[in-house]
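Welcome! Take a moment with the picture before reading on.

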Amino acid sequence: MPADTVLSISPQPREPLSKTIGTVEEIITSTSLPAARSRRPSSPIGGRRRLTKSRFNTQSKLSRRNTLAIERVLDVDSRSLTSVSYETASAPRPQHATLPLRRDLRMGRAYTSPDSFAWQLSDRVDDDDDDISNTVVLSPRSAFDARLPREVKLHVFAVVIQLHEIEYRKRMVSSGWTAVQSASERYVGRSRGFVDLIRLSRVSKSWRSLAFDGQLWSQLDLQMLAQMPVPAVTRIFAAAGPFIRDMNFQGYQSLSVQLLKRFASAIVIAQPGRKCLPTSQLTSLNLAGCNLVATKMLHELILASPNLRWVSFKGLACVTNVTCVILGRTCSQLCSLNLSRCKNMDATGVVSVASVPLGSKVPYTSLEELRLCGLKGASAALVVALARGSPFLKTLDLSYSTGLTDGDLDVFTAWRSEWNDLTDSSSPFDKISLSAREMGYDPSDPTRYFKRLTRLRHLNISNCKLLTDAACSHLAYAVPRLESLEIAGLGQGLEDDGLARLLRTTPLLKRLDLEDSIEISNAILEVLTPEQDPHRSRRARPLVVDPRPGDHLEHLILSCCSRITSDALVSLIKACPRLRVLEIDGTRAGASVVREFVRYSKRRNLVGAEVNVSDCRGLPGDSLVRELNPHTRHRRGWRGWDARRLRFLDSEGDCDESRVLFKSFWTWQAADAARAARDRRLKSAVATGTATTLEGMEMQQLLESEELSFRDPTDARQARFRWVKALGQLSPSSESCTIM
């Protein structure tokens, strides 16, 4: 570059400055830049050399320090400059010899070699004005970006999610939301709203900042976004980590140790002024089924989340007794805990969660729901810890627990003398006084006995092989608020006496599971059957009526109870006004039970009614199926993406909740026959080219369901190709399916 070359910079609009400012040598000397040198010998044309846009954008290096120096010399702001030109001092300066100034130059950076401060000029530039690059004119910002405050913008983005939820609720009740239509849309409702947020983030950088704002992602459910790629999840963690309160990893198959580490590091909030570990605002965490989680990583995540209230570690092998100790000492507000099927922990670890640690300011834990299915080593120490430290329990699941005995449940409901001094009304402990007859002892004994009144609403002690009906006697009068009782799988250990005593004291019971209780008889059904009061009419009822056993019963499971008769079941169906689900497979029930159940369900307008009489040899056969076909359905269908391969149809009533679900061997035969006939009609319509749009969508679901019968993906693709080729959808030379 010649020494007499000067730098001319013009602001927008394209008008040259009023006077030339300095030479290149003076500017370089004043800013301590390396000497300018030209990569090619100069060949000025007409005493003037102009810089083209392409060469200017490829070979320019200007740091922020140099830009500030030029601004100081020129006394202008580089951000307001939009064009630059070169000319010799001897030649007159043209009015339009300007070129666009790149944004990275205006911002003080460029992507070129740092060896020299030189621009590579073109060898020849014509004087024609058409060859001169035009000045880049930036389009004005929209009113949404320029005028609205950020809070209003975030509210607009939040409304997008709410509108999708409202639209989904409306579509569910509309007639156009069919099973085939719902199976074609993967994301609906709230998940569709989050997908739209990710799409809106591609509009601009400002919209990306709004779309990934933490206030919109405080509840992140990866179960409904299971196909979201890992980079998108990582970006959400990085942008909205400290705002996340509810996190659900269940069903997200791409979860890895690295992704969980990024999540743990993103959610913590540093507290510079306090001497404590960084914590997060996480209140709900679901890691059920995430087998790749390591024990150390899980402990670090718990220590960083002291505000956890709902935790589910179901089926995690990384959960140990140490994990339970950390949970008990760190998460003092824990309300719900699911540790079912955690094979590397036992009852010793649960004791540390259920009891209050030493030095705690609160006397009791906040646990209301505790699920310990498959717990090893259950003993009296566990139930004592639950009785003393967790008096607010409403849901307790001890199914498949080894070591649980009748005496442990007696300890759980016993009243302790240490609680006699707690006379305050705010005390969580309450007792009931019982006579010897009510306790099941000698009726001549005048002694009064006390039991602790629990707050249990759901109790599951199924398949605890050491329990008998004595356990039910210990629970009598201690669980007056019980709504769900699951005591299945006890076999010959469960008899009528103890169970009847318990059922008489649970008038609010809604669900009862007595599967495989082969020793119970019609006496249990008599207890559950409310007595018909002739003075208790429907038109003139008293304002306050004490509930009776069976008044609230909705779900009854009596599978494999071989001593139950049809007459007792019919009386129960007529007397229980809310009975909605009846499972009596493997019993001696006859056709009269099914007829009465269907008739009373239609009379009471029950929604979602179901009767299961599989393996009942007293049924007449397919004649009963044809008789009840107008009021029943054979499959429990639902509308959604997950049901696409099951191919439910509204025309057959699969998704009609007003129909009674009738399950039996003969209904399965009828369902298979109807499905085969439908497939034949569908294939014929597609082959002849007379298929409608819905039939084409159903054909796609048929092909997907056919692939499920093959374990090898290659065999599945070959089977799919044979199906489509047989229907005439592929030409002999084509290798891909056209029904998409």
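Helices H14 and H15 are roughly parallel to each other, where roughly parallel stands for angles under 35 degrees. Keep in mind that this is a predicted model, in which local features need pLDDT of at least 70, side-chain atom pairs count only at pLDDT 80 or more, and totals for chains, interfaces and linings use all residues. Residues are numbered from 1 along each chain as its sequence is written, and side-chain values use heavy atoms, with hydrogens and water left out.

**Helix pairs**

- The axes of H14 (residues 347–354) and H15 (residues 380–389) cross at roughly 10 degrees and come within 9 Å; helices are DSSP runs (H or I) of at least four residues and strands (E) of at least two, numbered from the N terminus.
- An axis is a line fitted to C-alpha atoms, for helices over the stretch in contact, and angles between N-to-C directions run from 0 to 180 degrees.
- On the H14 side, Ala347, Val350, Val351 and Ala354 meet Ala381, Leu382, Ala385, Leu386 and Gly389 of H15, with contact taken as heavy atoms within 4.5 Å.
- This contact of H14 with H15 holds 8 nonpolar residues, 1 polar and no charged (nonpolar: Ala, Val, Leu, Ile, Met, Phe, Trp, Tyr, Cys and Pro; charged: Asp, Glu, Lys and Arg; polar: the others, Gly among them).
- H21 (residues 566–575) and H22 (residues 591–603) have axes that come within 9 Å and cross at roughly 5 degrees, so these helices are also roughly parallel to each other.
- Where H21 meets H22, the residues divide into 6 nonpolar, 2 polar and 2 charged.

**Strand pairs**

- Strands E18 (residues 610–612) and E20 (residues 660–663) run parallel and are joined by 3 bridges; pairing requires that DSSP finds at least two bridges between two strands.
- Asn612 stands opposite Lys663 in E20.
- E20 also pairs with E19 (residues 632–633) in the parallel sense, over 2 bridges.
- Arg633 stands opposite Leu661 in E20.

**Two loop residues**

- Asn463 has a phi near 60 degrees, a positive value in a residue other than glycine, and its place is in the loop between strand E13 (458–460) and helix H18 (469–475).
- Asp516 has a phi near 65 degrees, again positive in a residue other than glycine, and Asp516 lies in the loop between strand E15 (511–513) and helix H20 (522–528).

Notes
Parallel < 35°, antiparallel > 145°, perpendicular 65-115°, else oblique.
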